[in-house]
Each structure stands twice: as structure tokens, then as C-alpha cells.
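Work through the exercises below with the sequence and the model at hand. Each task is followed by a solution in steps.

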Amino acid sequence: MSDLRQPPDPQGPQLPAGGRPTPAETDAGSPGRPSPVGRLTATVDRLRREVRAAQAEADGRALIELAKGILVERLRCGPAQAARQLAELAGQAGVTPLEFAVDVINQAARDRVSEVTEAFLAATAADARPAEPADGHSSAVRLRAAESGALAAHDTQAVADSLLEHALTPLGAEAVAIWALGTDGSLALAGTAGFPAAEAGRWRHVPPGVTTVARRGLAERSGHWIRSLAETGMPSIGQHHHPEGGRVAVPAGTGGRIHGVLEIAWPTPLDPAPPPVVRQIEALAELCAHTLETYGRHHPDGAEGPRVLPEVTELMDLADGLHDPALVLVPVLDADGELADFRIHHVNSRFLDPAGRPRGVVNGALLLETYPVAAGHSELFERIERVHATGEPYRAHRMRLTALVDEVPLAAVADINISRHGSSVLLVWRIEDETARLASLLQHAQRLGRIGGFEENLLTAEITWNGQLYELYGRPVSDVPVALEDLPAHAHPDDAVAIGRFLRTLLHHRRAASTAFRLQRPDGVTRHIRVVAEPVLDSDGQLYVVRGAYQDISAQHWTEVALAATRDQLAHTEQQASERNRLTLQLQHAIMPPEQTPLAVPGLDLAVRYRPAETQHLVGGDWYDAVVLPSRLVLLCVGDVAGHGIDAATSMVVLRNALRGLAVTGAGPGQLLSWLNMVTHHLTGSVTATAVCGLYDPDRQTLRWARAGHLPPVLVRGGEAEPLPLVGGMLLGAVPEAEYQEHEVQLAVDDTLLMYTDGLVERRDRSVEESLAQLLKAARTVPPALDQQVDRLLTHSRSDTDDDTCVVGIRVAP
């Protein structure tokens with residue numbers, strides 16, 4: 001039957017390329033005769049070749065017709081004359097009419113294709129890599145054919161094949177991928193060319209938030225240009241085939257919307273591209289955007305089909321079904337096809353304008369004209385533009401909306417929801433309800449303050465509690481609230497008097513009242529509660545409602561109890577410390593009074609001073625002594641026990657008395673300090689101290705002295721003041737046994753020798769060396785009397801370290 005229906009082929013049966021029919025194409029009963037399946041296969045092949053030839057001829061014919069139109073406009077002639085002129089000029093140039101038509105188009109428009117052709121010809125001339133023949137006419141034809149093929153392609157896969165074959169291979173590219181941008185921010189592989197099929201299968205879908213080369217291309221208007229993919233470490237399709245190759249990812253968008261990304265791969269590192277190449281790739285990305293806008297991407301099952309976009313009417317129906325105010329926005333493009341504004345195409349019945357304008361005023365107006373402040377700090381217009389471009393929805397909580405009415409800004413706070421549906425945008429806002437917000441704040445305040453409110457109607461006996469009050473009482477919400485008159489039954493018996501006073505003031509005297517009591521809950525927990533209430537009178541002055549609140553003050557109560565106990569303990573501790581300091585100070589003053597009667601020594605003036613610390617509770621361990629021994633030698637010494645308080649004061653008494661007793665032996669100052677070190681180490685409980693000990697011989701006018709970790713005395717002679725040599729000697733009590741060097745100084749008439757403790761020179765804001773230099777400067781001024789000189793030193797050396805100060809001064813009299 002198929003032989004009867006099939007008209008005879010004048011050229012005879014068509015054979016495969018090998019010249020012999022395949023077994024599937026040959027009838028099994030009649031060897032050598034084509035089967036119906038073979039005839040159908042041959043027919044499909046023939047028709048396919050004819051379609052390809054027709055498409056190529058149509059592409060060429062479109063270019064020729066375009067060139068004829070340009071000649072009609074330039075030469076002011078008719079179509080027939082333009083066709084003859086085109087044929088004559090092509091013959092004179094020695095090229096085909098199609099190639100000459102491309103030249104005419106390029107010269108007239110100077111578009112991106114011709115510029116890329118020139119850039120490509122220059123690149124191939126300087127590039128050592130093998131390339132196709134640098135024929136400007138054939139290259140321009142290929143590039144123009146790529147654009148025609150992309151516009152006429154039936155899906156994005158065909159667009160990818162056409163771009164790689166006609167436009168990108170001459171530029172050295174090896175593969176191309178077209179990504180479609182989903183509404184959730186994901187990327188789907190819509191078409192590839194040059195990549196292995198397995199690689200394309202692995203990269204069919206990229207979830208939102210995953211950083212890839214294509215994702216980076218979405219963030220930059222001019223695209224993301226990568227010299228070498230390996231240098232970035234960024235994942236992308238085909239990254240393992242040529243890892244050192246360059247990549248380019250350019251956003252594909254039209255009319256302010258981004259539909260996807262065009263990604264191009266090179267086998268070698270990519271050098272900076274000239275501007276013509278950049279513009280050509282941007283133009284190719286725009287072609288991809290047209291295709292992505294018209295046709296859908298591949299479905300998971302491999303089928304293809306056009307993407308069904310909701311119509312504006314469907315979006316209007318969706319907006320009308322929402323319970324929140326909603327606006328349907330459609331894009332408004334300028335003359336260059338760029339997004340300029342959005343028109344408010346529809347507002348639903350629940351729409352509330354922040355400025356109070358009716359729906360008719362807003363409906364149909366431009367967004368920026370209606371809400372000009374949307375392009376300011378609120379960033380509302382920018383968010384809408386971003387959603388329209390990428391399709392990613394946007395939500396914001398408490399965004400400020402500002403509308404200008406008669407040049408007066410009126411602001412409102414709203415929750416915003418923006419989503420794209422097809423080519424339109426749905427804007428939903430929920431204006432914040434001030435009453436609901438204040439009620440929510442009140443609930444939170446009651447929860448944080450553990451406050452429960454109530455209202456009791458005395459006429460109907462109706463009692464209303466809020467949920468927080470049930471929680472305070474430890475009762476379920478289903479229980480009957482407790483009346484005010486029944487309050488004593490739920491309180492501690494010891495609080496009955498206070499509650500009775502509260503109820504009499506409130507119910508009988510009809511005045512606001514409050515009281516605190518211990519609430520005994522059903523679960524056995526006792527809480528400290530404060531209740532405050534006020535009466536509400538009717539128009540006749542009769543009491544009919546009582547309103548009030550309970551507050552759990554248990555934490556406050558126990559805090560007050562703890563604070564009261566702490567205050568009592570602190571007062572007791574302060575009293576003990578004050579008594580201790582008083583006794584310590586009395587002990588110190590009893591042993592070393594601040595003023596002492598001068599010691600009578602023939603041929604020697606002697607003055608001693610003691611200045612206690614300014615803070616009385618910091619009683620120190622500074623001490624001094626000046627006494628005439630039985631040998632008629634004068635014992636002069638100053639010392640400082642480490643620390644403050646009664647321990648330091650008692651240790652000072654031990655050392656002072658011990659040194660007096662040891663000095664009676666007639667030993668020298670070095671030996672006295674050695675013995676005193678043993679006393680300090682063994683008998684004073686790990687006390688350390690410093691000291692200077694001297695023995696003055698009035699007959700010879702000499703002073704033998706030694707030091708134990710203390711500053712040496714200062715000698716004032718003839719208007720000069722210098723410290724005595726720093727002889728060796730460690731502080732007292734550090735080691736069980738120690739030796740101390742001695743030094744003897746010969747004094748003359750009017751010489752002054754000063755011994756002192758560190759309170760005279762120590763300062764917080766300067767070093768000891770600086771303070772000592774200041775002391776020497778003050779000591780050079782020698783008043784007529786020794787007492788005046790010692791007092792002057794104390795006056796000009798105010799201590800700021802809360803330490804005691806002792807000074808012993810001797811002057812050789814004439």
C-alpha cells in the first residue's frame with residue numbers, strides 16, 4: 001500500500017552514503033529493494049537537507065534585501081534599480097552579491113559585527129595559533145549569520161550551537177553555556193555547545209546561593225572576565241577539561257530584566273579583550289536574553305516547551321484575592337529599551353495609600369510620580385527593580401514608606417513583599433496597625449514585669465483576668481477567677497490585717513489602694529505579690545467596677561532582704577575596721593608621736609619629723625629613732641616595714657625596740673643591722689623591712705652608718721646636697737643571715753645630714769631618680785634653723801602614694 005501512495009521518485013531510490021541500502025532499509029523478501037522504512041528515512045534526510053538549504057538561502061536573501069533597502073535610501077532609487085546596482089557593484093568587486101551586501105550593511109550601520117570582524121582580522125594576523133582564513137567578507141557573513149540563526153532558533157540549544165559555530169569559534173572560544181535564571185535565584189543550564197554531554201548533565205541545575213562563574217556574572221553589568229579559571233578556584237561547567245583557560249560570564253537581559261547568563265570558555269588564558277569584542281559578546285548575551293524570554297528551559301525529563309507566563313489579568317485576580325494591600329506594576333521602558341519606571345496597573349480593593357489618597361488617584365499612575373521618595377533612602381524602587389531584573393523575591397520587615405502630599409512628607413511603616421510574575425511585579429505591603437502594636441507592647445511589658453490585670457464588676461459579680469494573672473496565681477485558664485473579697489483565703493494568715501486595710505480603703509472609702517502580701521498558690525509555692533486597684537464610679541457616684549493589677553515582686557522582696565543583710569554586715573565590718581584603725585593609729589602615735597621634743601646633744605642640732613598617711617585606714621610601718629647611748633654615741637635610724645595596718649605597726653614596734661636594745665652592746669651599725677635581720681626573719685612572721693642605722697660620735701664629729709635596702713642619707717654642705725655612697729646591704733628579713741657594709745663620713749661645722757623614708761620621694765607620676773633630684777634641689781636651700789629646713793622639705797614633697805614619711809636631720813653646731 002505504501003508503494004501505491006508514494007509517488008515515483010524521478011531520480012530513483014535514494015541510497016545511504018555508502019551506496020548500498022542497510023538491512024533495515026531493505027525488504028527481507030526482496031533483497032536489494034528499499035523497504036517502506038528505508039524510503040521514509042531517505043525522504044526525511046532529503047527534506048532535512050532542503051530545509052537547511054532554504055534556511056541558508058533565506059538568511060542570505062534577508063541580507064541582500066536589507067542591502068537593497070540601504071541602496072534605495074542612499075541612492076534615492078527604486079527597488080529594481082537598487083537590485084541592478086547591487087549586482088553590478090558585486091561583479092566589479094569580484095565578490096558574490098551576498099558578500100557585497102554584508103559590506104554595504106556594515107558600512108551603513110558600522111554595527112558590532114563589523115567591528116568584531118576587524119578586531120578578529122587584526123587578532124588572527126598577530127596570533128600564531130591556526131585559524132580560519134582571514135577573509136573579512138566571509139567572517140562578516142558568518143557573524144551576521146550567527147545573529148540571524150540566533151533570532152530564528154527554536155530553542156536555546158540551537159542558539160548555543162549557532163553562537164559557537166559562527167561567532168565565538170573565530171574568537172578562539174571552545175565552548176559556550178547559556179544559563180536561565182529562576183525566580184528563586186537558581187541557575188538552570190538552558191543550552192550548551194562544546195562541553196561534553198556528561199559535563200552538561202552534571203551542571204543541569206545550580207541551587208541559589210552557590211557561587212559559580214555564572215553567578216558572578218549576574219552581579220556585574222559588564223560581566224565577569226576571568227583570565228584563568230584555575231587562578232580563581234571557582235567552580236563552573238567544564239572546569240576539569242581546560243582549567244587554565246579563560247572564562248567570561250555576561251548577564252543576558254532585555255528591558256531591565258535579567259533572564260540568564262551567557263558563559264564562554266577559552267582553552268588558554270584570556271588576555272584583555274578590545275572594546276569591539278566586549279560589545280560583540282554583550283550583543284550575543286542580549287540575543288540569548290530574547291531566546292530565554294520567549295522559550296522555556298529544559299524540563300527535568302528532557303522535554304522542551306515554551307514557558308507559560310501569567311498574564312497581567314491573572315496577576316490582577318491574584319492581587320484581588322489577597323487580604324493585604326497590593327499593587328500590580330508593569331515596567332515602563334525608555335527609547336533605548338532600558339527600564340525607566342513602573343506603572344501602577346492595578347490596585348486591589350484592600351489598598352491603603354499611606355497618604356490617604358483614593359484608589360482612583362493611584363491606579364494607572366507611574367510609581368515614581370506617585371511615590372517619589374521611593375527612590376531615596378527607603379530603597380523601595382531599587383528593590384522592585386532588582387526583583388524585576390533577577391526574579392528573586394524580596395521581603396522586608398518594618399520598611400518606612402513616605403508619600404508626598406502637597407509637598408508634605410507623610411510616612412508609614414509597613415512589611416513589604418515583592419515578587420515577579422512574568423514581566424510584571426506584585427508589590428504587597430501591610431501597614432503597621434498602631435493599636436495592635438501597642439497591644440503587643442503591653443503584653444510584652446506585662447510578661448517582663450510579671451504583671452497581671454483584672455476587672456471586677458461588683459453589680460454582676462463578673463470578673464475578668466488576663467492570661468498573665470492566671471499564671472501568677474498558678475491556676476489554669478479554665479478556673480474561676482478569685483474575687484477581691486476572697487483574697488484573704490489565698491494569702492498567708494499573717495497578711496490578713498494588711499489585706500483587710502486594703503479592701504476597706506478600696507471598697508468602703510472608694511479610694512485607690514495598694515498592699516503587698518504572700519500569695520499561697522495551689523501548687524504549694526508562696527509568692528510575694530503587690531496588688532494595686534482603683535474604684536470606678538457610675539454617673540450616680542455609686543461603685544460598680546474595680547480595676548487593678550497584681551505584680552509578682554518575689555525577686556524584689558528577696559533582693560531587698562539580701563541587701564538589708566548585706567548592709568548590716570557591711571556596717572558591722574566598717575565598725576570593726578574603724579576600731580582596728582583607731583587602735584593602730586593610737587599605737588603608732590604612742591610610740592612615734594608626730595612631734596617630739598628635740599634631743600639634747602652637745603655640739604649637735606637634731607630634728608625629727610613624722611608625717612602619717614593622709615588616709616587613716618592606711619596606717620603604715622615607717623619608724624625613726626634618735627637616742628644617746630651609754631657610750632655617749634648617738635643612735636640615729638629610720639626604717640620602713642612593708643605593708644599597712646596593725647601587722648605593719650606591731651612589726652615596726654618590734655624592730656625599733658630590738659634595735660635600741662642591740663645598740664647598747666656597743667656594736668657598729670653593720671653588726672646591728674645583721675642582728676636586726678635575724679630578728680626580722682625569725683621573730684616577726686615573714687616581715688620584710690628597710691632601714692638606715694648610724695652612730696654619731698660627738699667628740700670626733702664622725703658618722704658611721706650602714707643601710708639595709710634603704711636610700712642612703714643626704715649630706716648638705718656649703719650650698720650643695722649629695723647622697724652618701726650606696727654601700728651594700730639587702731633588705732631585712734629576706735634571708736636568715738646577711739652582712740652589711742659600713743661607711744664613715746667626717747662632718748664639719750654647719751654640715752647637715754638627712755635620713756628619710758621613701759614617702760618623702762616616691763611619686764606616681766615620676767621615677768625615683770627624678771624625685772631624688774627634686775629633693776636634692778630643695779635641700780640646697782639651708783635656712784638658719786634645722787627645724788625650718790626639715791619642715792620645708794616636708795612641705796615641698798607632698799606624697800601621693802598614701803605612705804608615711806619619717807625625716808631625721810642633724811646639723812653640726814659651732
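**Salt bridges and their surroundings**

At 32% relative accessibility, R780 counts as partly exposed, where partly exposed lies between buried (under 20% relative accessible area) and exposed (over 50%), with a 1.4 Å probe and protein chains only. This is a predicted model, in which local features need pLDDT of at least 70 and side-chain atom pairs count only at pLDDT 80 or more, while totals for chains, interfaces and linings use all residues. Residues are numbered from 1 along each chain as its sequence is written, and side-chain values use heavy atoms, with hydrogens and water left out.

**Exercise 1.** Find which side chain meets R780 in a salt bridge, and state where the two residues lie.

*Solution.* Apply the rule: a side-chain nitrogen of Lys or Arg within 4 Å of a carboxyl oxygen of Asp or Glu. The partner is E720, at 3.7 Å, N to O. R780 lies in the loop between α22 (768-779) and α23 (786-795) and E720 in strand β23 (residues 720-723), so the pair ties together parts that are 60 residues apart in sequence. Helices (H or I, at least four residues) and strands (E, at least two) are DSSP runs, numbered from the N terminus. E720, at 45% relative accessibility, is partly exposed. Salt bridges with shared partners also join R609, D787 and D791 into one network. The rule gives a count of 19 salt bridges.

**Exercise 2.** Compare the end-to-end distance of helix α7 with that of a straight helix.

*Solution.* The expected span is 1.5 Å times one less than the number of residues. Helix α7 (residues 156-168) has 13 residues, and a straight helix would reach 18 Å, but the end C-alpha atoms are only 16 Å apart. Ten of the 13 residues of α7 are buried, so the helix is largely enclosed by the rest of the structure. Among them are T156, L163 and H166.
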